[in-house]
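Have the model open beside you as you read.

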Amino acid sequence: MNRMEAEFSNLVKAYRKRHMGKGPERVTTTFCKSWAICEMAGNLSPVEKFMAKTGDGRQMLRTARTEMVKEIYKDHPPVEMEALLGAKFVQLFVDIDIAQDIGMSIFVFDEDLEQKFGTRHG
């Protein structure tokens with residue numbers, strides 16, 4: 001991660017903690033075109049880990065950690081992220097593997113972040 005990707009990761013962590021009560025333990029961000037792709041580990045709280053022991057609990061957590069997260073971003077636009085990047089937040093795609101406690105969020109912005117911040121991967 002370059003400096004801007006690291007700063008974005010810190011903002012994601014802080015945003016999740018503020019709006020969801022617990023942020024991920026680790027966030028790794030990669031800018032790719034107009035996307036900020038965040039890999040997140042250590043998302044679940046101890047209570048959520050307990051809930052994940054049942055099929056119903058896993059399904060409820062999956063819904064909460066995907067659909068409800070998208071609603072939170074709609075209700076509370078990530079203005080700090082927009083300010084850091086100088087770009088407008090457009091959309092969020094979210095997925096999580098409850099068993100492994102690994103999540104992915106793809107933030108879509110209205111500018112090419114990879115080009116803007118000179119990030120080259122691979």
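## The sheet

S2 and S4 pair in the antiparallel sense over 7 bridges, where strands count as paired if DSSP finds at least two bridges between them. One of the links is that between Met40 and its bridge partner in S4, Gly103. The names come from DSSP runs, with helices (H or I) of at least four residues and strands (E) of at least two, numbered from the N terminus. Before going on, please note that this is a predicted model, in which local features need pLDDT of at least 70 and side-chain atom pairs count only at pLDDT 80 or more, while totals for chains, interfaces and linings use all residues. Residues are numbered from 1 along each chain as its sequence is written, and side-chain values use heavy atoms, leaving out hydrogens and water.

The whole sheet is open and has 4 strands in the order S1-S2-S4-S3, with antiparallel pairing. S1 and strand S3 (89-97) stand at the edges with a single partner strand each, so one side of each is left without a neighbour in the sheet. On average, neighbouring strands of this sheet are turned by 15° against each other, direction ignored. S3 and S4 also run antiparallel, joined by 8 bridges. In S4, Ile106 is the bridge partner of Phe93, and Ile102 is that of Asp97.

## Helix H1

H1 covers residues 3-20, which makes 18 residues, and spans 25 Å from its first C-alpha to its last, close to the 26 Å expected at 1.5 Å a residue; the expected span is 1.5 Å times one less than the number of residues. Which residues of H1 are buried? They are Met4, Glu5, Phe8, Ser9, Val12, Tyr15 and Arg16, with buried meaning under 20% relative accessible area, exposed over 50%, and partly exposed in between (1.4 Å probe, protein chains only). Seen down the axis of H1, its buried residues fall within an arc of 145°, so they line one face of the helix; the arc is taken from the directions between the helix axis and the C-beta atoms.

The buried residues of H1 pack against strands S1 (26-32), S2 (35-41) and S4 (102-109), and against helices H3 (55-75) and H4 (79-85); contact here means heavy atoms within 4.5 Å. At the N-terminal end, Asn2 caps H1, with a side-chain oxygen 3.0 Å from the backbone nitrogen of Met4. After H1 comes Gly21, which has a positive phi near 90°.

## How the helices lie on the sheet

H1 lies across S1, S2 and S4 and runs at about 130° to S1. H3 lies across S3 and S4, running at about 170° to S3. For these angles, axes are lines fitted to C-alpha atoms (for helices, over the stretch in contact), and values run from 0 to 180 degrees between N-to-C directions.

## Two loops with a positive phi

Most residues other than glycine have a negative phi. Lys33 has a positive one of about 55° although it is not a glycine, and Lys33 sits in the loop between S1 and S2. Lys33 is exposed, at a relative accessible area of 55%.

Asp101 lies in the loop between S3 and S4. In that hairpin, with 4 residues between the strands, Asp101 takes a positive phi near 55°. Is Asp101 buried or exposed? At 11% relative accessibility, Asp101 counts as buried.

Glu82 has its place in helix H4 and is buried, with a relative accessible area of 14%. The side chains of Glu82 and Lys88 are joined by a polar contact of 3.5 Å; such a contact is a pair of N or O atoms within 3.5 Å, where within protein one must be able to donate a hydrogen and the other to accept it, and residues adjacent in sequence count only if both atoms are side-chain atoms. Setting aside neighbours within four places in sequence, Glu82 is in contact with Ala87, Lys88, Phe89 and Phe109.

Ile96 is found in strand S3 and is buried, with a relative accessible area of 8%. Not counting residues up to four places away in sequence, Ile96 touches Asn43, Leu44, Arg62, Arg65, Thr66, Ile102 and Gly103. The C-alpha atoms of Ile96 and Arg16 are separated by 14 Å, and these residues are 80 apart along the chain.
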